[in-house]
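Student: I want to go through a new model with you. Can you walk me through the fold, the cores and the charged pairs?

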Amino acid sequence: MGRQVDKILREATRVGHAGGVCWIHHETNKAGYATTSIWQGTGKPRKKVIASRLVCTMKNLEPYASALYAGHDTPIRCLGKNCIRPEHLGMETSSESATRRERDARLKPAIELAKETATGLTPK
């Protein structure tokens, strides 16, 4: 898995914004989270996984199957879902993730401003 993480980090697009620089992974699922496929061994199909969780588990030496999630340091420092920059990720419980998402919802105007600054596009 280490080579796969190195590859997706190398290929990520660096996007500057008001809070710094995010590393955006191009392949996403329907929810907007970065995904990648990992090799499971000879004769086995590749498995689709959430890229930020893969990066975070390798960074923290946690098993991928652990009960923890990869949380993004949002809203100003990180644009979220498809960012795979290791410094923007941290392991968190489901409860911590829910609390962070509630906080981010209250700060949505700041998030949209950061995205606008990064892309030059007007938020919807």
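Tutor: We'll take the overall fold, then the cores, then charges and rings.

Student: Ground rules before we start?

Tutor: This is a predicted model: local features need pLDDT of at least 70, side-chain atom pairs count only at pLDDT 80 or more, and totals for chains, interfaces and linings use all residues. Residues are numbered from 1 along each chain as its sequence is written, and side-chain values use heavy atoms, with hydrogens and water left out.

Student: How many helices and strands are in the chain?

Tutor: Four helices and six strands. Both are DSSP runs, numbered from the N terminus: helices are H or I with at least four residues, strands are E with at least two. The order from the N terminus is α-β-β-β-β-α-β-β-α-α.

Student: And what share of residues is buried?

Tutor: 36% of the 124 residues. Buried means under 20% relative accessible area, exposed is over 50%, and partly exposed lies in between (1.4 Å probe, protein chains only).

Student: Which residues have the most contacts inside the largest nonpolar core?

Tutor: Leu9, Val55 and Ile84, in a core of 15 residues. Helices α1 (2-11) and α2 (51-60) are the elements that give two or more residues to this core. The largest share, four residues, comes from α2. A nonpolar core here is a set of buried Ala, Val, Leu, Ile, Met, Phe, Trp, Tyr and Cys residues joined through side-chain atoms within 4.5 Å.

Student: What does leucine 9 contact, sequence neighbours aside?

Tutor: Leaving out neighbours within four places, leucine 9 is in contact with Arg14, Trp23, Val55, Ile84 and Pro86. There is also a second, separate core of five residues, including Val15, Cys22, Cys78 and Cys83.

Student: Switching to strands. Is threonine 35 buried or exposed?

Tutor: Threonine 35 counts as buried because its relative accessibility is 4%. This threonine lies in strand β3 (residues 35-38).

Student: Charges now. How many salt bridges?

Tutor: Four, where a side-chain nitrogen of Lys or Arg must be within 4 Å of a carboxyl oxygen of Asp or Glu. One of them joins lysine 7 and glutamate 11, with the closest N and O atoms 3.4 Å apart. Both residues lie in helix α1, four residues apart, about one turn.

Student: Where do arginine 100 and glutamate 92 stand, buried or exposed?

Tutor: Arginine 100 and glutamate 92 are both buried. Their salt bridge has its closest N and O atoms 2.7 Å apart. Arginine 85 also bridges to glutamate 87, at 3.1 Å.

Student: Which charges sit over rings?

Tutor: Arginine 14 has its charged end over the ring of tryptophan 23, 4.0 Å from the centre. Arginine 53 does likewise with tyrosine 69, at 5.9 Å. The test asks for NZ of Lys or CZ of Arg within 6 Å of the ring centre and within 35 degrees of the ring normal.

Key: Contact = heavy atoms within 4.5 Å.
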